[in-house]
Amino acid sequence: MQRRFLFTLMLCLMLAPVCARGSQSSGDMVAEEIRERIEGGGITGGLSEGTCQVSSLRVLPEIYKRRGYRPIWVKAQSVEQLLEAIQEIYHDGLDPKDYHLEEIRSLLAQTDTTASSDPSLAASRDLLLTDAFILLANHSACGKEDPLTHHPQWNLDRKIDGSDPVMFIEKAIEAPSLMQAIDAWKTRHPYYGRLKAALADYRAIRARGGWARVPTGPALRKGRIDPRIAALRGRLAITDHLSKTPGDPMTFDGRLEQALKNFQRRHGLKPDGVLGKATLQALNVPVEDRIDQIRVNLERTRWVLRDPDSTYVLVDIAGFHVFFLKDNQVVWSSRAQVGKPYRDTPVFRSIINFVEFNPVWTVPKGIFEKDILPAVRKDPRYLGKKGITIMDRSGRAVNPKTIDWSLYPGRPFPYKLRQNPGPNNALGRIKIVFPNEYLVYLHDTPSKELFEKEDRAFSSGCIRVEKPFELAELLLDDPSIWSLPNIMAAVDSKKTKKVFLPRPVPIMLQYWTVEVDETGVISFKKDPYNQDVSVLKGLGRDAGITPVP
């Protein structure tokens, strides 16, 4: 309390020439300085203060124009709250330095020790405070990075509340409590809160020295005696609650095996309790990298979960799962297979409109050129084995022997390839359809053995679902007509049938590489499309600072 009082008193003294002196001419001089910088091209041309540059080139000038260029930050309490909010943003995985913290502190010190009524310094201070506030609002609510930069298919609205951004910021500036206004911008989704808690935990691990690398060597399993086992015990004690046990620390016992299985489950590895190459690699990822992985996923959460629908389907691309949520609670989940690298499943939002039993598959152009054409050249009987029919524009079947396959894909293919319903149909026995330009949907698959793999990036972009009929029952939401037995009867009829949902259900295809469950257990996923790197580049590595309380 005493520190806060002294800090507030210091700010009052610094700002006294602007807020308490009552000099109209001083205020006019600051306003004129601000106006000249904005109207004279100082802002749009790139206003700089030290190493700092104003970023909000559209909103900031309009705010000042509407208020006759009068300075905004004339209350010491408001400045104190803004500085506190900038420091607190560190707990959300963002860097306080991105909000001019050092430059603002420098300007406050200068106005305290030099001619504090200098309108040039006062204008610089006010402009940077305003720009910091605008950036803080935008980044807290929508994320620092533009998701379109990382996902060209992105189609989620990033507006804060649909209102004019200038009016939004003006209203926030006039709020009785800036801290409450800033906190209200942040997502309230439980996942975001769990990620923040995990970030704090792993930063605490870093502060205690992190963890030592487990030395390389041959695979280790239960019953083995090896000097490396002591290092493995020390590593698992940090993140997987392995307590000290009596006996030889270099013996691989049952408790160590269970702790290693737990670690493997949390990292998307086969939980066999064996210290092999992949497990060793995951164990030796530095704590600094895990901290940044959490921060990357906090950023993705800001993109998506500010105001989600209460009922929706979520495709967890990197986690190879599909979830159905009601009131933001998971009520159903299933393993999934997603697009292989370089044919990645896109990230976007849509609405599920209908399901189709015993679907017909029309082969997309990309799959024809990358998969079908090479297979036909290798085996002329491929199409017949897969039950794929060639159709001309009039709908008549074409004999594949009459086609010169060597001409393609050098020229447009004039036919359609169609696979009728059956055991080999690429879509299986059901598809779940939502409009999108990528020809992506959820569907069944004949390749069910692939669900047993830990990494399930096998498709050409669509999402293969292990339990699609259960999901269809939830979506159709009519037990009297579309109970699971009735759904299976429709499938067994072998007739193609389209059924529209009574209420369309939103679907989000998202990419997260960290998961934290309701109990606080954190899981680190692999990055199958190598997308964490570009997001982290935009965020910057974690500064490892300790915010001032």
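Which residues does Phe-324 touch, not counting residues up to four places away in sequence?

**View 1. The whole chain, a predicted model.** Residues are numbered from 1 along each chain as its sequence is written. In this predicted model, local features need pLDDT of at least 70, side-chain atom pairs count only at pLDDT 80 or more, and totals for chains, interfaces and linings use all residues, while side-chain values use heavy atoms, with hydrogens and water left out. The chain has 19 helices and 17 strands (DSSP runs numbered from the N terminus: helices are H or I, at least four residues; strands are E, at least two). Of the 549 residues, 49% are buried (under 20% relative accessible area; exposed is over 50%, partly exposed in between; 1.4 Å probe, protein chains only). Take the contacts (heavy atoms within 4.5 Å) between residues at least 6 apart in sequence: 70% join residues at least 24 apart.

**View 2. Confidence and the stretch 1-24.** The average pLDDT (the predictor's confidence in each residue, from 0 to 100) is 88 for the chain, and 89% of the residues score at least 70. Residues 1-24 have pLDDT below 50. This stretch has 34 contacts in the model beyond near neighbours in sequence. Where pLDDT is low, the predicted coordinates should not be read in detail.

**View 3. Phe-324 in strand 4.** Strand 4 covers residues 321-326 and holds Phe-324. Phe-324 counts as buried because its relative accessibility is 1%. Its contacts answer the opening question: Thr-311, Tyr-312, Val-313, Gln-329, Val-330, Val-331, Trp-332, Leu-471, Leu-474, Leu-475 and Val-505. Leu-314 is 10 residues from Phe-324 in sequence, and their C-alpha atoms are 6.4 Å apart.

**View 4. Helix 14 against helix 19.** Helix 14 spans residues 287-304 and helix 19 spans residues 532-539. Their axes (lines fitted to C-alpha atoms over the stretch in contact, with angles from 0 to 180 degrees between N-to-C directions) come within 10 Å and cross at roughly 90°. Helix 14 is therefore roughly perpendicular to helix 19 (65 to 115 degrees). From helix 14, Asp-292, Gln-293, Arg-295, Val-296, Glu-299, Arg-300 and Trp-303 meet Asp-532, Val-535, Leu-536 and Leu-539 of helix 19. The residues of this contact are 5 nonpolar, 1 polar and 5 charged (nonpolar: Ala, Val, Leu, Ile, Met, Phe, Trp, Tyr, Cys and Pro; charged: Asp, Glu, Lys and Arg; polar: the others, Gly among them).

**View 5. Cys-142 and Cys-462.** Cys-142 is buried, at 4% relative accessibility. Cys-462 is buried too, with a relative accessible area of 13%. The structure holds 0 disulfides (pairs of cysteine sulfur atoms within 2.5 Å).

Methods. Angles under 35 degrees count as roughly parallel, over 145 as roughly antiparallel, 65 to 115 as roughly perpendicular and the rest as oblique.
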